[in-house]
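Thanks for coming. I will go through one structure today, starting with the chain as a whole and then moving to single residues.

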Amino acid sequence: MLWQVLEGLSQDSAKRLRFVPGVVFADEGAACGQSPEDRAKTLAEAKLVLQTVGFPWHIVALEEVFSLPPSVLRCSAREPVGTEGAYKAAVDSFLQQHHVLGEEKQSRPCPQHPQGRAGPPTAGQTEALSRLFNSVKTLTAKEELLQTLRTHLILHVARTHGYSKVMTGDSCTRLAVKLMTSLALGRGAFLAWDTGFSDERHGDVVVVRPMREHTLKEVAFYNRLFAVPSVFTPAVDTKAPEKASIHRLMEAFILRLQAQFPSTVSTVYRTSEKLVKAPRDGCAAGTPGPRCLLCMCVLDVDTADSATAFGAQTSSQLPQTQPPVAEAEAPTVSCCHSGMGRAQHCCRMEADPRACDPRACVTAQLCYGCRVNMKDLVSGGPSPAREQAGAGLGLRLRSPGTSGSSLLQPSLDPLPPYILAEAQLRSQRAEAEQEIQERLLEAEDGARPGATSAEQAHEDGARPGATSAEQEGADGL
């Protein structure tokens, strides 16, 4: 894909591309278990290729997700589409800018791009990332988590440097495998976003897949015939058996069928092209509903009494036993009237025990597929580097063993602090909106604020100044 863009920007191209590209390289060696020597060697090879291309390049390490702001998980508003005159002005500005850049490039030697990584990640960040991936039990959840963190990091780099589009090199074969994998993982509602040409879920940054028309074999032949320099890096599933994860199993299944029936990949790919990005029934007429905390798609949740897999999962989390009758009938004193308990939402926590559980707070903001993956997180204490990063965001991270439920249920402590900070912010915003809604309902049910006794009596149907006998007669008539 990089070589195709380079050819499209050349002077000999029939249809010249009109945009200024940049290249981002994400170093995922810590998640894949690479040694520091192998990571340094891979980075040296990548820098050599990036300097040969001549585009502005950015090298980021996956450990930098522990320093991301919570705003990366928010869908920013997209800029309005301009008119035809604005488009022509933008093209003229691009041509002038490209002409100036060409003159500067000819007048000086090959420049060094300062957009590269400022420095290697700290030992604490590397330890925190290793702890995070070591706390995941299955390889399927590891691959999904790696893809999510990589997307967040690239999205942050694009917003920081002012890019409005992100081009990925997903081929037709990869998208066919991804479609089948997403179906198996319960992400069928998001297939149009995960495998389509454009993905607008992030708002201001659009992810496009221009290589989706080419198969892996075509890409390999192109790289071989035109001597395209390549850098080979190990992945999380390198040397893993066929049935180690759902991703590996689906990949082996699709490639085996493709070897016997050459139209398998194209058939699956053409099927994904027919998918339409339609909103849910509850969000079709109004504003879009809440989004998933990790994949940033609209939540595909239903009510607890539905017959879906999500409804069954929600019903299984409800308490199975009822409180004793003696305790239920015992007089309880509310602490909210004293003024101290209202700041802590004590009565709400007693009514809903999940309100005080951070794990339930985060899980409630995830889609069905992300909830299934979060089940594979085992209990683990936060690292010192993660505690320091969480303190900067106003979070207090708990260690395993502080409560009895943390030993039996998955712990979300190894997650990066920006995810927990955004989850806490969304929960506080939802609680504030619910409290405001309750206040408005109480004001509507009660007396209208500021109304006099005569106005209130007129609203209730009584005649001001009438006796009880006169009012009973009026009611009889």
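Among contacts in the chain between residues at least 6 apart in sequence, what percentage join residues at least 24 apart? The figure is 73%, where contact means heavy atoms within 4.5 Å.

Before the details, some housekeeping. This is a predicted model, in which local features need pLDDT of at least 70 and side-chain atom pairs count only at pLDDT 80 or more, while totals for chains, interfaces and linings use all residues. Residues are numbered from 1 along each chain as its sequence is written, and side-chain values use heavy atoms, with hydrogens and water left out.

Now the overall picture. The chain has 20 helices and five strands; these are DSSP runs numbered from the N terminus, with helices being H or I of at least four residues and strands being E of at least two. Of the 477 residues in the chain, 34% are buried. Buried means under 20% relative accessible area, exposed means over 50%, and partly exposed is in between, with a 1.4 Å probe and protein chains only.

Next, the interior. In soluble globular proteins, nonpolar side chains tend to be buried together. A nonpolar core here is a set of buried Ala, Val, Leu, Ile, Met, Phe, Trp, Tyr and Cys residues joined through side-chain atoms within 4.5 Å. The largest such core has 48 residues, and those with the most contacts inside it are L62, V65, F133, L149, C292, L415 and Y418. At least two residues of this core come from each of α2 (29–32), α5 (123–134), α6 (139–160), α16 (368–374) and α18 (417–445). The most comes from α6, with nine residues. Take L149: not counting residues up to four places away in sequence, L149 touches L62, V65, L132, F133, P416 and Y418. Another core lies apart from this one; it has twelve residues, including V5, L43, L50 and W57.

Two further positions. N373 lies in helix α16. N373 counts as buried because its relative accessibility is 12%. Leaving aside neighbours within four places in sequence, N373 is in contact with A141 and E144. T122 sits in the loop between α4 (84–107) and α5. With a relative accessible area of 46%, T122 is partly exposed. T122 and E63 are 59 residues apart in sequence, and their C-alpha atoms are 8.3 Å apart in space.

On to charges. How many salt bridges does the structure hold? There are 17, a salt bridge being a side-chain nitrogen of Lys or Arg within 4 Å of a carboxyl oxygen of Asp or Glu. One of them joins R209 and D170, at 3.5 Å from N to O. This pair links distant parts of the chain, 39 residues apart: R209 is in the loop between β5 (206–208) and α9, and D170 is in the loop between β3 (165–167) and α7 (172–184). R209 is buried at 4% relative accessibility, while D170 is partly exposed at 24%.

A salt bridge also joins D194 and R187, at 3.3 Å from N to O. D194 is buried, with a relative accessible area of 6%, and R187 is buried, at 7%. R187, D194, D199 and R201 are linked in a network of salt bridges.

Last, the surface. F221, L225 and F226 form a nonpolar patch with about 380 Å² of accessible area together. Patches are made of residues with over 30% relative accessible area and no salt bridge; like charges are joined within 9 Å, and nonpolar side chains (Val, Leu, Ile, Met, Phe, Trp, Tyr) within 5 Å. L225 is in helix α9, residues 216–225, and counts as exposed at 68% relative accessibility.

F226 also forms an aromatic pair with Y222, which is tilted: 4.6 Å centre to centre, with 35° between the planes. Rings of Phe, Tyr and Trp (its six-membered ring) pair if their centres lie within 6.5 Å; planes under 30 degrees apart count as stacked, over 60 as edge-to-face and the rest as tilted. Y222 is buried at 19% relative accessibility, whereas F226 is partly exposed at 49%.

Note on methods: Accessible areas come from the Shrake-Rupley method with a 1.4 Å probe; for residues, only the protein chains shown count as cover.
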